[in-house]
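Student: Could we walk through this model together, one question at a time?
Tutor: Gladly, have a look first.

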Amino acid sequence: MTSIEENRQTALRKLFGARNLPFPHGVTSVCSAHPLVIEAALRRAGMEHRAVLIEATCNQVNQEGGYTAMTPVDFRRFIEDIAAATDFPAERIILGGDHLGPNPWRKLAAEEAMLRAAAMVTAYVEAGFEKIHLDTSMGCAGEPTALDDELTAARAARLAKAAEETALRSGRRPPVYIIGTEVPPPGGATHALEDIEITRADAAMKTLAVHRASFAEAGLASAMERVIGIVVQPGVEFGNTDVALYKPERAKSLIRSLDDMPGLIFEAHSTDYQPAEALSALVDGGFAILKVGPGLTFALREALYGLDAIADVLAGRTPRTGLVATMEKIMVEQPASWAAHYGGSPDEERLQRHFSYSDRIRYYWPDPRASAAVGELFSRLPDEIPETLISQYLGRLYSGVVSKQVAPKARELCLAAVDAVLAPYSAATASR
């Protein structure tokens, strides 16, 4: 057995705990709060008799509600309600918190931001989240944009201490931790993707060393034993219009550094839109946790827009109203979640609002008008949609429909679109 395989098994056993399930080669981390995405992920995990890892980010879910208006305990109930409706065992759900740190409050003074970050970590652990990514790398008011390794590690240890004390006080299983922050921007890059800088092996080793020192100084040696992975940049990223594909040869030195980090794996962020062979290569190289989010809602949006076009064809009219028109109206009226990420001419911005890989439209699906528009769309469609129209507007799903694996129904087609993205992740992370 290679050292990478030994590290993978050690780390994943700590993550999976006592769950009596087939042991995976890696894990897909589903980072979404859309109910259809969650349902598709649970369906696939149920079909494969596997656990499912679902993560929420600090901006998405926190003690103040985040942009989903959910606290960590609300998010847990949201996931478990979907699990109950799909007959998926709640004990096979692993919940994680991503980028937990002062990011939502970075415009405040550092002490205030860190107090709120500690309250957030406390809320996550109290709600039973078992995997915590500590991310304290960003500067707060009056500080540099990015902090040095030592201060980042000291602040991470402070949050870990809050998590450990909360687990002890509430009788929860102490969480496992992910450290490191050398990742693409949340939601995808806004710059050109040429010459992405791979994390240097010595930088990964330093991340581990400074965190180990800070945890020891804080009296958290046992917590450090539950650090299972480091976030690094393997050369994987996506922007609004393009995707940087994983090239294993560029990450050889980084991968070799795992030999000197017993029991640890790498966590790969922004793996959305990578082909199946790249996902498998990432896992084989020690990137045992593959995070995916925008790619799932991108596929869902494709399915919904395809269904909208089908409904127009069946109604004998051109698409001047309907779901696409509603989403455009909402986004133009509320530009906060896309304006800083898209640019160019008005036509270019309009194209990006709907079709960008960054999928900023995902922030707008919870809007009551969007929910109503999706409901109205489903009501406009027949119980069974003609296969020929599925071929025309939902081509990626056509083979599943004609082979009778996917029912030609609107909701099932949406779920199948998300599942088509999850499938290569399942293959990449499955037991070898």
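Student: In which sense do strand β1 and strand β2 pair?
Tutor: Before that, note that this is a predicted model, where local features need pLDDT of at least 70, side-chain atom pairs count only at pLDDT 80 or more, and totals for chains, interfaces and linings use all residues. Residues are numbered from 1 along each chain as its sequence is written, and side-chain values use heavy atoms, leaving out hydrogens and water. Strands (E, at least two residues) and helices (H or I, at least four) are DSSP runs numbered from the N terminus, and two strands pair if DSSP finds at least two bridges between them. Residues 27-30 form β1 and residues 52-57 form β2; over two bridges, their pairing is parallel.

Student: In what order do the eight strands close into a barrel?
Tutor: The pairing around the barrel is parallel.

Student: At what angle do the axes of helix α10 and helix α16 cross?
Tutor: Axes are lines fitted to C-alpha atoms, for helices over the stretch in contact (heavy atoms within 4.5 Å), and angles run from 0 to 180 degrees between N-to-C directions. The axes of α10 (residues 294-315) and α16 (residues 410-429) come within 8 Å. They cross at roughly 150°.

Student: Which residues of α16 does α10 meet?
Tutor: On the α10 side are Gly295, Leu296, Ala299, Leu300, Ala303, Leu304 and Leu307. In α16 they meet Ala410, Leu413, Cys414, Ala417, Val418, Val421 and Leu422.
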